[in-house]
Amino acid sequence: MQPTLTPYLALVDIANRAKAQAKGLPARQEVKPYWTGIGFSILGHRFVAAMEDVVELLEVPQYTFIPGVQPWVRGVANVRGRLLPLVDLAAFFGGHLTNSRQRRRVLVLEQGKLYVGLIVDELHGMQHLALEFGKLPPADLAESFAPMISGQFELQQGRWLVFDLQALVNDFQFADAAAH
């Protein structure tokens, strides 16, 4: 027969048994920093753009052709009461979109007075890329892309080129949408 324990000793006994059966804390893991961007494809390349540069993602809306503009300007769409100029990003770089209209998407940029939609072949959603891979300098790029690429992430499943939307917006050719 077990001797009667005082309430205090009973609590100490319970605490000791709980400690004996408790599992250890999980191993301490190093948190690796990630860079997050929006993944998309054009002209057979996979790109990722900074999250803070894209304000909205859309399916390609119905749009109206605008006469007297560059061929890469597809037209203008009414998006919730605002006129959104649409630019075919592949055509801007001298190519053409390859996917069906159902797979194409629009990246909407809004910076100051600039409000524009970039039509891309396909959207890959948010990409979380480990900074341990680093932004490597771009290699073997088409000359037309080079000024817009600020780096790349080389992963086992392929390469993601870091597309600098600020460089695109500041490009004099992009700003000059009028036909010549």
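This talk describes the sheets, the core, the salt bridges and one surface patch of a single structure.

Colleagues, the model before you is predicted, so local features are given only at pLDDT of at least 70 and side-chain atom pairs only at pLDDT 80 or more, while totals for chains, interfaces and linings use all residues. Residues are numbered from 1 along each chain as its sequence is written, and side-chain values use heavy atoms, with hydrogens and water left out.

I begin with the sheets. Helices (H or I, at least four residues) and strands (E, at least two) are DSSP runs, numbered from the N terminus. Two strands count as paired if DSSP finds at least two bridges between them.

How is β9 joined to β10? A hairpin connects them through 2 residues. The pairing of β9 with β10 (residues 158–163) is antiparallel, over 6 bridges, and Phe153 stands opposite Trp160 in β10. Since 5 of the 7 residues of β9 are buried, this strand is largely enclosed by the rest of the structure. Buried means under 20% relative accessible area, exposed means over 50%, and partly exposed lies in between (1.4 Å probe, protein chains only).

A further open sheet, also mixed in its pairing, has 5 strands in the order β3-β6-β7-β5-β4. At its edges stand β3 (56–59) and β4 (73–79); each has a single partner strand, so one side of each is left without a neighbour in the sheet. β4 pairs with β5 (residues 82–88) in the antiparallel sense over 6 bridges, and Leu86 in β5 is the bridge partner of Gly75.

Next, the interior. A nonpolar core is a set of buried Ala, Val, Leu, Ile, Met, Phe, Trp, Tyr and Cys residues joined through side-chain atoms within 4.5 Å. The largest such core has 28 residues, and those with the most contacts inside it are Leu89, Leu118, Phe163 and Leu168. Among the elements that give two or more residues to this core are β1 (34–42), β10 and α3 (165–170). The largest share, 4 residues, comes from α3.

I turn to the charged pairs. The structure holds 5 salt bridges, each a side-chain nitrogen of Lys or Arg within 4 Å of a carboxyl oxygen of Asp or Glu. In one of them, the closest N and O atoms of Arg80 and Glu56 are 2.2 Å apart. Arg80 lies in the loop between β4 and β5 and Glu56 in strand β3, so this pair ties together parts that are 24 residues apart in sequence. Arg80 is exposed, at 63% relative accessibility, whereas Glu56 is partly exposed, at 23%.

Is Asp88, the partner of Arg74 in another salt bridge, buried or exposed? Asp88 is buried, with a relative accessible area of 3%, while Arg74 is partly exposed at 27%. Their closest N and O atoms are 2.6 Å apart.

Finally, the surface. Leu9, in helix α1 (residues 7–21), is partly exposed at 44% relative accessibility. Leu5, Tyr8, Leu9 and Val12 make a nonpolar surface patch of about 380 Å². Patches are made of residues with over 30% relative accessible area and no salt bridge, like charges being joined within 9 Å and nonpolar side chains (Val, Leu, Ile, Met, Phe, Trp, Tyr) within 5 Å. Accessible areas come from the Shrake-Rupley method with a 1.4 Å probe, and for residues only the protein chains shown count as cover.
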